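Q: I have a structure open and would like to learn how to read it. Could you walk me through its features?

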Amino acid sequence: MLVLAFDTATPAVTAALHDGERVLAESTTIDARRHGELLVPTIELVLGEARAALRDVTAIVAGSGPGPYTGLRVGLMTAQGLATTLGVPAYGICTLDAVAYGSGLAEPFLVATDARRKEVFWARYADMRTRLDGPFVERPAQVPVEGLPVVGAGAELYRDIFGQTEAPPYPYAGALASLAAERLAEGTPLDPPRPIYLRRPDAVVPGAPKRVTA
């Protein structure tokens, strides 16, 4: 097993390589405006650090969101393109699940990431592996925290509302790759690399021009 995992659903452009036992290499750059520019060089970097070739990869895993439309599509389209080229399967894992797994928490908690527009994407977990509810998109004050710890950059951004926060802020690819490798080893079915959209994109097709009358 050699799993190449990456995520572009948050400001973190992150990639990692996992051999079924451990993370061989991982790299992350925080830059919300350069997903398309940074992803492929980041993949090349982790392959180089692990002394592996792209042809050695047996599975591709991408974070499937929720996240902003443009950044999310960069990762998912790259996953589909690489999988087709290599002839290997491609999978998608909820980005919030990667944040949850990276927390290492064994008790109930929430994950909240920045959804912009003064909102957060969030989900509820029983532990680092088990999502109970979500994902949703809501204003921070509408999230039912109920005294639970909250993980993710959304929690840090609205600390006055969420209170206690836990690391990590982003879905680092090492956690994403480890979660994917664990599920693959257990035979747990993984979803295809399809985006999780919780609202419409900002860009819309313009309507027909108004008729000008004399």
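A: Let's start with a hairpin: S7 and S8 form one, with 2 residues between them. Helices (H or I, at least four residues) and strands (E, at least two) are DSSP runs, numbered from the N terminus. Two strands pair if DSSP finds at least two bridges between them. Please keep in mind that this is a predicted model, where local features need pLDDT of at least 70 and side-chain atom pairs count only at pLDDT 80 or more, while totals for chains, interfaces and linings use all residues. Residues are numbered from 1 along each chain as its sequence is written, and side-chain values use heavy atoms, leaving out hydrogens and water.

Q: How many bridges join S7 to S8, and do they run parallel or antiparallel?
A: Strands of a sheet pair through backbone hydrogen bonds, either parallel or antiparallel. Here S7 and S8 run antiparallel and are joined by 6 bridges. For an example to find on screen, Val120 has Glu138 in S8 as its bridge partner.

Q: What is the order of the strands in the open sheet that holds S7 and S8?
A: This open sheet has 5 strands, ordered S8-S7-S6-S9-S10, with mixed pairing. Its edge strands, S8 (130–138) and S10 (165–166), each pair on one side only. At the S10 end, strand S9 (residues 150–151) runs parallel to S10, and 2 bridges join them. Val151 stands opposite Glu166 in S10.

Q: Which helix packs on this sheet?
A: Helix H3 (residues 95–103) does, touching S6 (109–116), S7 (119–127), S8 and S9. Contact means heavy atoms within 4.5 Å. The direction of H3 makes about 135 degrees with that of S6. Axes are lines fitted to C-alpha atoms, for helices over the stretch in contact, and angles run from 0 to 180 degrees between N-to-C directions.

Q: At what angle do H3 and H6 pack?
A: H3 and helix H6 (residues 173–186) pack at about 95 degrees, with their axes 8 Å apart. That makes H3 roughly perpendicular to H6; angles under 35 degrees count as roughly parallel, over 145 as roughly antiparallel, 65 to 115 as roughly perpendicular and the rest as oblique. Among the residues making the contact are Tyr101 of H3 and Leu179 of H6. By class, the contact has 5 nonpolar, 2 polar and 3 charged residues. Ala, Val, Leu, Ile, Met, Phe, Trp, Tyr, Cys and Pro count as nonpolar, Asp, Glu, Lys and Arg as charged, and the others, Gly among them, as polar.

Q: What is the strand order in the open sheet that contains S1?
A: That sheet has 5 strands in the order S3-S2-S1-S4-S5, and its pairing is mixed. The edge strands are S3 (23–30) and S5 (90–93), each pairing on one side only. From one strand to the next, the twist averages 15 degrees. Strand S4 (residues 59–63) pairs with S5 in the parallel sense over 4 bridges, and Tyr91 in S5 is the bridge partner of Val61. Helix H1 (residues 35–49) packs on this sheet, touching S1 (3–7), S2 (12–18) and S3. Helix H2 (residues 69–86) also packs on the sheet, and touches S1, S4 and S5.

Q: What is the volume of the second largest pocket?
A: Rolling a probe the size of a water molecule over the atoms shows where empty space is left. The second largest pocket has a volume of about 210 Å³. On a 1 Å grid over the protein atoms alone, a pocket is an open set of points where a 1.4 Å probe fits, with protein on both sides within 12 Å along at least five of seven lines; lining residues have an atom within 4 Å of a point. Grid points are joined across faces, edges and corners, and a volume is the space filled by probe spheres set on the points. The lining has 15 residues, and Cys94 and Arg131 are among those nearest the centre.
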